[in-house]
Amino acid sequence: MTINALTIDVEDYFQVSAFAPYIGRNEWDTRACRVERNVDAILSILDEKGTFATFFTLGWVAERYPELVRRIVANGHELASHGFGHHRANEQAEELFLADIKLAKFILEDVSGVEVKGYRAPSFSINAHNPWAFDCIERAGYKYSSSVYPIRHDHYGMPGSPRFSYEVRPGLLEVPVTTMRLFKRNWPAGGGGYFRLLPYAVSRWLLRRVNARDGQSAIFYFHPWEIDPDQPRVKGVGAKARFRHYLNIARTERRLRRLLSDFSWDRADQVFLAKREAP
Ligand SMILES: [Zn+2]
């Protein structure tokens, strides 16, 4: 059975890019945080299923919840970086992007005592217009990135880029989020809002097809707030952002449990880096 990589982007509900126009960064500290309880809930689900995963964690979260970061590591999961402040790579100058991802790596390693090898750009914000971001990721000392979603989407995407892991810079692997090829197009198969939008059987079919037909490991992602139907509702949000954020949120935990049972999962470094590092 193919082993796939399970990944979680550790950020709170008020930090998602779609809410950025409605919630200023200066308000983050005033919001009721849900990330700690939600990550703890994920840790118990993974423990129950005997599954290991990769947690792409914000430096902002690590600074406020160092014990949570240590629990992730103590449970045998991979700690990886989602940058410090959830700035999209395509909205930052090169020097500021580099500073942000270096700071996140430093804080995560300082808090956990383990090397952080993986990085994921907020909202998959590396595309054809900012390839310099890969140079920064390599310079910051990361070994792999999972920052590209090779699809067309209004907020992200690089539809022409490779669908499976490739060396994007010497010593730096890019592991794009999983897509399925059909009708000459790439279709999202690696999680996010699509996992909540599509019936579970469709998501399962997509992933099975990637494993069987492409013969490749998938990489799947979700967020802690996606299993939290009781999160405070953000006021004044536009209809599209509201629909995407809250859609089927009460069903996600159950779907996730099925996904964990129907496929084999492991940490992204084990699935994608271990083979390469073996002599
Ligand atoms: Zn994010």
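This is a predicted model: local features need pLDDT of at least 70, side-chain atom pairs count only at pLDDT 80 or more; totals for chains, interfaces and linings use all residues.
Residues are numbered from 1 along each chain as its sequence is written, and side-chain values use heavy atoms, with hydrogens and water left out.

You will find S125 in the loop between β4 (118-119) and α5 (132-139). Helices (H or I, at least four residues) and strands (E, at least two) are DSSP runs, numbered from the N terminus. The side chain of S125 reaches the backbone nitrogen of A89 at 2.8 Å. Apart from neighbours within four places in sequence, S125 is in contact (heavy atoms within 4.5 Å) with R88, A89, N90, N130 and S147.

From here, move to the loop between β3 (78-81) and α4, where F84 sits. F84 is buried too, at a relative accessible area of 17%. Its C-alpha lies 6.6 Å from that of L103, although F84 and L103 are 19 residues apart in sequence. Among the residues that F84 touches beyond four places in sequence are L58, W60, D100 and I107.

The loop between β3 and α4 also holds H86. H86 counts as buried at 5% relative accessibility, and its phi is near 60°, a positive value in a residue other than glycine. K184 likewise has a phi near 60°, but K184 counts as exposed, at 76% relative accessibility. Look for K184 in the loop between β8 (179-182) and β9 (185-188).

Now for the nonpolar interior. In soluble globular proteins, nonpolar side chains tend to be buried together. A nonpolar core is a set of buried Ala, Val, Leu, Ile, Met, Phe, Trp, Tyr and Cys residues joined through side-chain atoms within 4.5 Å. The largest such core here has 68 residues, and those with the most contacts inside it are F55, I137, F220 and L259. Helix α4 (residues 94-112) gives the most to this core, with 7 residues. A second, separate core of 11 residues includes A5, F56, L173 and A268.

As for I137, its contacts beyond four places in sequence include F97, I101, Y119 and L172.

How values were computed
A polar contact is a pair of N or O atoms within 3.5 Å; within protein, one must be able to donate a hydrogen and the other to accept it, and residues adjacent in sequence count only if both atoms are side-chain atoms. Buried means under 20% relative accessible area, exposed over 50%, partly exposed in between (1.4 Å probe, protein chains only).
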